[in-house]
Amino acid sequence: ARKFFVGGNFKMNPTTVESKRALLKALNEATLDPEVEVVIAPPSLYLIPVISELRKDVGVAAQNCHPKSAGAYTGEISAVQLHDAGIPYVILGHSERRALFHETSELVAEKTKSAVEVGLTVILCVGELLEERESGKTTEVVEAQLGEVVKLLDPSKWKQIVVAYEPVWAIGTGKVATPDQAQETHHAIRAYLAKEVSQEVAENTRIIYGGSVNASNCAQLSVQPDIDGFLVGGASLKPEFVQIVNTKL
Ligand code: 13P
């Protein structure tokens, strides 16, 4: 069975060391379902303090990395550095990186390869724009995004991938995908992995949903057969993150 996975993507939040401490304190004091793999992704500035201040049963993720290991890449952090610093996870291909920082699926695939090669687990984000959904292209878009990774990755490395389906129109909009809409795409992603990688990889890969997940909509989504968890943005900065982690309790 696939272990339920809940990630909290803090994005470029919070804005003070003090509020970062308060967020960690709340999480450290919470009762979390031990059957759930919980990971938070703070801004890179806070990664090392978070590793030492955070309870050990919650993982820590970076929000990006560079595909090269080292060199003249001002402002960047490599997967090698993350791994050496004890950061076990990295979010890659987030729609904000794709849209605002012009990351192509080819680049996201190179980053993914570099991260899994050093031993990181990648939360690989895919998802369609509203106009792509409206023109019936959702499956085609997510398959193309995944396809670049399929091309570069050895099938054995898929153990280190968690796929996050995040429809762009649902991110930060309060417009959550319906359980049926999410399930349909998650199922399509699993079918694609079965066809392009292997049946085993398709069965074992967690496919999590992101986009306006909150304490009131998570339960309905979580019972869908192909939804294996969540990637939470805004609500991960609030006490309700704990309720989302505990949605199956
Ligand atoms: P929201 O939960 O704020 O919609 O963000 C989702 C997201 O982008 C998680 O990576």
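Helices (H or I, at least four residues) and strands (E, at least two) are taken here as DSSP runs, numbered from the N terminus. The structure is a predicted model, in which local features need pLDDT of at least 70 and side-chain atom pairs count only at pLDDT 80 or more, while totals for chains, interfaces and linings use all residues. Residues are numbered from 1 along each chain as its sequence is written, and side-chain values use heavy atoms, with hydrogens and water left out.

The account begins with backbone geometry. Most residues other than glycine have a negative phi, and most peptide bonds are trans. The loop between strand 1 and helix 1 contains lysine 11, whose phi is positive, at about 50°, although lysine 11 is not a glycine. Proline 14 is found in the loop between strand 1 (5-9) and helix 1 (17-29). A cis peptide bond, with omega of about -10°, joins asparagine 13 to proline 14. Histidine 102, in the loop between helix 4 (95-100) and helix 5, also is not a glycine and has a positive phi, here of about 55°. With a relative accessibility of 65%, histidine 102 counts as exposed; buried means under 20% relative accessible area, exposed over 50%, and partly exposed in between (1.4 Å probe, protein chains only).

Another loop residue is arginine 55, placed between helix 2 (47-53) and strand 3 (58-62). Arginine 55 has a relative accessible area of 18% and is therefore buried. Apart from neighbours within four places in sequence, arginine 55 is in contact (heavy atoms within 4.5 Å) with Leu27, Asn28, Ala30 and Leu32. Between arginine 55 and alanine 215, which are 160 residues apart along the chain, the C-alpha atoms are separated by 22 Å.

The helices come next. Two packed helices are described by the angle between their axes and the distance between the axes. Axes are lines fitted to C-alpha atoms, for helices over the stretch in contact, and angles run from 0 to 180 degrees between N-to-C directions. Helix 5 and helix 7 have axes that come within 8 Å and cross at roughly 40°. These two helices are therefore oblique to each other; angles under 35 degrees count as roughly parallel, over 145 as roughly antiparallel, 65 to 115 as roughly perpendicular and the rest as oblique. Helix 5 contributes Ser105, Glu106, Ala109, Glu110, Thr112 and Lys113 to the contact, and helix 7 contributes Gln145, Glu148, Val149 and Leu152. By class, the contact of helix 5 with helix 7 has 3 nonpolar, 3 polar and 4 charged residues; Ala, Val, Leu, Ile, Met, Phe, Trp, Tyr, Cys and Pro count as nonpolar, Asp, Glu, Lys and Arg as charged, and the others, Gly among them, as polar.

Two residues of this contact can be followed individually. Threonine 112 lies in helix 5 (residues 105-118) and, at 0% relative accessibility, counts as buried. Residues up to four places away in sequence aside, threonine 112 touches Leu92, Val122, Leu124, Val149, Leu153 and Ile161. Leucine 152, in helix 7, counts as partly exposed because its relative accessibility is 35%.

Helix 7 (residues 138-152) and helix 8 (residues 179-196) pack at an angle of about 40°, and their axes are 10 Å apart. Helix 7 and helix 8 are therefore oblique to each other. On the helix 7 side, Thr138, Thr139, Val142, Glu143, Leu146, Gly147 and Val150 meet Thr185, Ala188, Ile189, Tyr192 and Glu196 of helix 8. The classes in this contact of helix 7 with helix 8 are 6 nonpolar, 4 polar and 2 charged residues. Glycine 147 has its place in helix 7 and counts as buried, at 12% relative accessibility.

In soluble globular proteins, nonpolar side chains tend to be buried together. A nonpolar core is a set of buried Ala, Val, Leu, Ile, Met, Phe, Trp, Tyr and Cys residues joined through side-chain atoms within 4.5 Å. The largest nonpolar core has 64 residues, of which Val6, Ile40, Val90, Trp158, Ile189, Tyr209 and Phe230 touch the most other members. Isoleucine 189, leaving aside neighbours within four places in sequence, is in contact with Val126, Val142, Leu146, Val163, Tyr165 and Ile207. A second, separate core has 12 residues, including Val39, Ala41, Tyr89 and Ile123.
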